[in-house]
Amino acid sequence: MSTNNLNWPLAAYAILGEPEQPHPPCTIVLRDATEMHGTLAIFDPDHGTVALIPPDSTSAQNIPIDSIKAVRLTQPIRLNSSTVVTETQGIFTAPQVRHCSLEFKDGEMREIDSFGILETASGLYLYEPAADNAGHFLRNFIPSSAIKNHFIGEPLGKILIEENIATEDHVNVGLQKQQELRNRPLGEYLTEDDIISPDQLVKALNELRHLPMKRLGEALMEAGLITQSQLEAALAEQKLNRRRSLGSILIDMGVVDEITITRILARKLGIPYISLARFNIDPNAIKLVPEAVATKYNLIPLGMVDQRIFVAMENPLLHEAMNEVRFHAKKTAEPVMASGDEIRKVIRTFYGGAKIDDLASELSEAMDKGDDEAEQFNEPSESDNTLTRLVNKIILDAHQQGVSDIHIETYPGKRNSIIRFRKDGVMMHYFNLPANYRGAIVSRLKIMANLDISEKRKGQDGKIDFSQYGPARIELRVATIPTTNGLEDVVLRLLAGGKPLPLAKIGLSEDNLTRVSSLAQRPHGMFLVCGPTGSGKTTTLHSVLGFINNAERKIWTAEDPIEITQEGLRQVQVNPKIGWTFATALRSFLRADPDVIMVGEMRDRETAQIGVEASLTGHMVLSTLHTNSAPESVVRLLDMGVDSFNFADALLGVLAQRLARRLCPECKRPHLATQEELDALVSEYCETYEQAHCESPPHAAILSNWRSRFGDKNGGITLYTAVGCPNCDQTGYKGRLGLHELLFGTPEIRRLIQNRAPVADILAAALDAGMLTLKQDGIQKVLMGDTDIARVRATC
């Protein structure tokens, strides 16, 4: 809900199209039909405060909210619809002009068209189109105390008949039942259903929360169930509304289902309806709203756009719920509608309402029929709800914790199976699964990955599209490995999705960033990124592609799998099983008029040779290699059989990469580096020169350079130590950062490639040209306070 200086709310998805006046002109109609004119000084109906400055006066006159029939701002103002993409290929624009029928307590009936409608505990906000001013609206407020009834949009029964969802006879029967319930005294309702005790009364009031407070109290008093003092004691816990809706009655009749009713109501209210099963919920949005709020109002945060947070609700008109979300998230809250059952399911999943231990206990009750070792669920059905929730919980926990891999390790006999996560490159324990569940969980994962559940003698590879099974859009690569005693381990890789990181954000040093940016814009040549599995090679390549991706270039990529998608790229998934390899894809690209080609990996001589030839015929070629250093990558390609002269001419540069754990910014402890620590760092920094048999810069010169670049005004250098806090799960580290080694294709490097020189000679030439090795780049990031030397040594 958007607000202005007067705290005048706007309907969901409506935004002001022009600046608001601090004191707009208005007309206030009182309950006795008197009209008051002037400028609005104070407007806070939630606290019963409205003040008007009459014409020719400078002092404000307070007006009791109970005496007001309507407040109308007489100056038209432009209102616009905000548009937001919340689902894949789903663009919702709201609000629209809706019809509202008002019945006042004095008997007056009024029909109003409104640009969105906002219902709050204090009253109804309407936005009436201005007569002669397109796109401009007059804002109205009707206090709850003045309203007897109101109806938004076409009657639900009429919509259901027009949509051929219900017959006119069904609707008439439902209306008759609704009227019978409305005429039924609340005391009779409570007595017949044995809802008499205080606890039961509170429960009933919670279920009937939309009844206005005054009418509910009157009904309870008339029924003789409570005294005045008892009513006052219960008011704090009382909710509004005891009247059943027509929709719920029709659902009970079996005419329509809940989802249909919710969709129709969404259309009626002009608020988007989404399917949570297909929605990619942002875990960062979940963290902003406490579980207690989500459970209390049955809502789930979906995601954030700028300073707005989008929230799925069963009842999007709950003003109090929006206020709580806005308070906790510190953002403007915008509602969308979703199925209540779907919301409750997602709350259990994302907020951990279904704990892994509880799910394991539920599964135990279903599986354990007296034989602990019987694995009766080796072939579980997809409808096995508890097993499905257990597997989904594991995957969602891994996703929310930023895990890269899930390892399920099975052991023979009665030994527990162990589930471990790899996070920030380090294995960590997640859960011990009792032995008799191992077959069930492996089979469930095989079903999800479309693998053969009966094949246990050899490994299998597959993929899981988790959006088909859970509330998050995650893709996983699955590998099953046969182990001893006919058992199997399963390893799941959570594939990185979303947008690529900007090139300036991947952790390159200033010099390396300048050089890589220059290389990426060359019209032809070959640029390679090397490192072990999981070192961020694909992320770096996509950052380079994002840097050069524009309408003037045609870019083809061959990947296995496609982990990151970008607009403007033509991305191809290779499939070696049908002969669609990197090499065949590369040949096809050359006939498809490319400017830039990205090949996921140089796996063999054929792919490498075609890539070199493509780079020599006017194309920019990017690819990866699984090697330990930039100089080793050069030798690896020569060993594959690539022509040395062609490769020398084609090579622009090689970027070696590692990922080191980053110190937690919340708890890292600073200390002034001692001379001994600095001398040790300088010695380690210079080891590379000794290994390459080339001259090292003087230690004093290196230290002097560090003091000028990384030191304080006195030349002191601060180093940091890992401590541990709740923010980093007591590890002292949170996230990872890149360490890089950039070999530039200088004339000397090209000459050495042509002569098939050994790694040491290429390393020496690269160091002479200014290259920093992985460890040297890591030491500089130690001096910058991003990591510590222990993590650099462990990585390099």
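**Strand 27 and its neighbours in a predicted model**

In strand 27, Leu 622 is the bridge partner of Met 598, where strands are DSSP runs of E with at least two residues, helices are runs of H or I with at least four residues, and both are numbered from the N terminus. From strand 26 the chain passes through helix 19 (residues 605-616) to strand 27, a β-α-β crossover that is right-handed, meaning that, with the strands pointing away from the viewer, the path from the first strand over the helix to the second runs clockwise.

This is a predicted model, in which local features need pLDDT of at least 70 and side-chain atom pairs count only at pLDDT 80 or more, whereas totals for chains, interfaces and linings use all residues. Residues are numbered from 1 along each chain as its sequence is written, and side-chain values use heavy atoms, with hydrogens and water left out.

Strand 23 (residues 525-530) also runs parallel to strand 27, joined by 6 bridges, and Leu 528 has Ser 623 as its bridge partner. Because 6 of the 6 residues of strand 27 (residues 620-625) are buried, this strand is largely enclosed by the rest of the structure (buried: under 20% relative accessible area, 1.4 Å probe, protein chains only).

As for confidence, the protein chain averages a pLDDT (the predictor's confidence in each residue, from 0 to 100) of 79, and 76% of the residues score at least 70.

How values were computed
Buried means under 20% relative accessible area, exposed over 50%, partly exposed in between (1.4 Å probe, protein chains only). Two strands pair if DSSP finds at least two bridges between them.
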